[in-house]
Amino acid sequence: MSTRLQRLDHLLLTSILTAVCGSDPTPEAPTEDTLLSPSHPVEGDKGLRMLLLQAVLLLLVLPSHGQDTTTKEPGVVPALPSGVCSGWMAGIPGHPGHNGIPGRDGRDGTPGEKGEKGDEGLAGPKGDPGKSGVPGLEGPRGFPGDQGRKGDPGESAYVYRSAFSVGLETRVTVSNVPIRFTKIFYNQQNHYDGSTGKFHCNIPGLYYFSYHITVYLKDVKVSLYKNDKAVLFTFDQYQDKDLDQASSSVLLHLEMGDQVWLQVYGTGEHNGIYADNVNDSTFTGFLLYHDTN
Ligand SMILES: *[C@@H]1O[C@H](CO)[C@@H](O)[C@H](O)[C@H]1NC(C)=O
């Protein structure tokens, strides 16, 4: 194969030289010569066309020829035909050149068409609570509830109780001392002392006092005392063969330990205070309400 190519190359070179120099360099190869080139010098346009055709064929064949010569027989050049034009010498085919440096970057392309709409994203985080709405209308009145349980017993009211009601059993004959009422109608708390005729305040608060005195034989001047001081005065003038009534009442605020009693006041004979089985003289007092502070 290589030999055949070399012979073909040789034939082409010979044809070129013939066209350039105007002589036939290969008279000894008539058979092949007649196939590829005219055996005689050509004239005019026909000769030029043949020359160009041969040059093209030479260029197509040369690469394989160069490879063969470099790999198998370096340095060996096929023998040129004798009688060529003086001064011409065929050069050795050069090696393939190195790759050139990369070219500059191209210009940016035109923007592509708009893509299709993407999928819907994930739901975002829960937002902050909104503002409170306006209050609604008042609802209808409900049904009455069940009766509640009975409450616990309250503080005993007994400690806030203070009352007495007493009367005379005999007429009074002594002045300037507390009148002793010994007929006891009521004295459950024993705040009234029958031995002294004095009421002792055990519960601070407002007290009501009243007395109804039967007057007989003498005038009566009687006072209600509070702690050795007369605060209330009653005067009755006795008339012959009559029975009179002297009475009064009062509200007093008492502190713990205060004492209240009835006593004939003034000088003279004013001790007509009387009582028997069917005519009474009474003295009454009770706590209206106690202090809360
Ligand atoms: C007391 O009153 C009665 C009538 O109720 C009378 O008969 C009696 O005598 C009276 N006592 C005096 C001292 O008047």
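Buried here means under 20% relative accessible area, exposed means over 50%, and partly exposed covers what falls in between, using a 1.4 Å probe and counting protein chains only. The structure is a predicted model, so local features need pLDDT of at least 70 and side-chain atom pairs count only at pLDDT 80 or more, while totals for chains, interfaces and linings use all residues. Residues are numbered from 1 along each chain as its sequence is written, and side-chain values use heavy atoms, with hydrogens and water left out.

Overall, the chain has three helices and ten strands, where helices (H or I, at least four residues) and strands (E, at least two) are DSSP runs numbered from the N terminus. Along the sequence the pattern reads α-α-α-β-β-β-β-β-β-β-β-β-β. Of the 293 residues in the chain, 28% are buried.

Back to Asp280: its side chain meets that of Lys183 in a salt bridge, at 3.1 Å from N to O. The pair links distant parts of the chain, with Asp280 in the loop between strand S9 (271-274) and S10 and Lys183 in strand S2 (residues 183-186), 97 residues apart. Side chains of opposite charge can pair when their charged atoms come close. The rule applied asks for a side-chain nitrogen of Lys or Arg within 4 Å of a carboxyl oxygen of Asp or Glu, and by it the count comes to one salt bridge. Lys183 is partly exposed too, because its relative accessible area is 27%.

Now for the ligand. Its surroundings are Tyr216, Leu243, Tyr274, Asp276, Val278 and Asn279, a residue being near if one of its heavy atoms lies within 4 Å. Asp276 places a polar side-chain atom 3.0 Å from a nitrogen atom of the ligand, and an N or O atom in the side chain of Asn279 is 2.6 Å from a ligand oxygen atom. On its own the ligand has 360 Å² of accessible area, and the protein covers 47% of that; such areas come from the Shrake-Rupley method with a 1.4 Å probe, and for residues only the protein chains shown count as cover. By class, the shell holds four nonpolar, one polar and one charged residues. In this scheme Ala, Val, Leu, Ile, Met, Phe, Trp, Tyr, Cys and Pro are nonpolar, Asp, Glu, Lys and Arg are charged, and the others, Gly among them, are polar.

On the surface, Leu251, Phe286, Leu288 and Tyr289 form a nonpolar patch with about 380 Å² of accessible area together. Patch members have over 30% relative accessible area and no salt bridge, with like charges joined within 9 Å and nonpolar side chains (Val, Leu, Ile, Met, Phe, Trp, Tyr) within 5 Å. Strand S10 (residues 282-290) gives the most, with three residues. The C-alpha atoms of Leu288 and Phe209 are separated by 9.9 Å, although the two residues are 79 apart along the chain.

Two non-glycine residues have a positive phi: Asn176, at about 60°, and Leu217, near 80°. Asn176 sits in the loop between strand S1 (163-167) and S2 and is exposed, with a relative accessible area of 53%. Leu217 belongs to strand S5 (residues 205-226) and is partly exposed at 43%.

Terms used:
A polar contact is a pair of N or O atoms within 3.5 Å; within protein, one must be able to donate a hydrogen and the other to accept it, and residues adjacent in sequence count only if both atoms are side-chain atoms.
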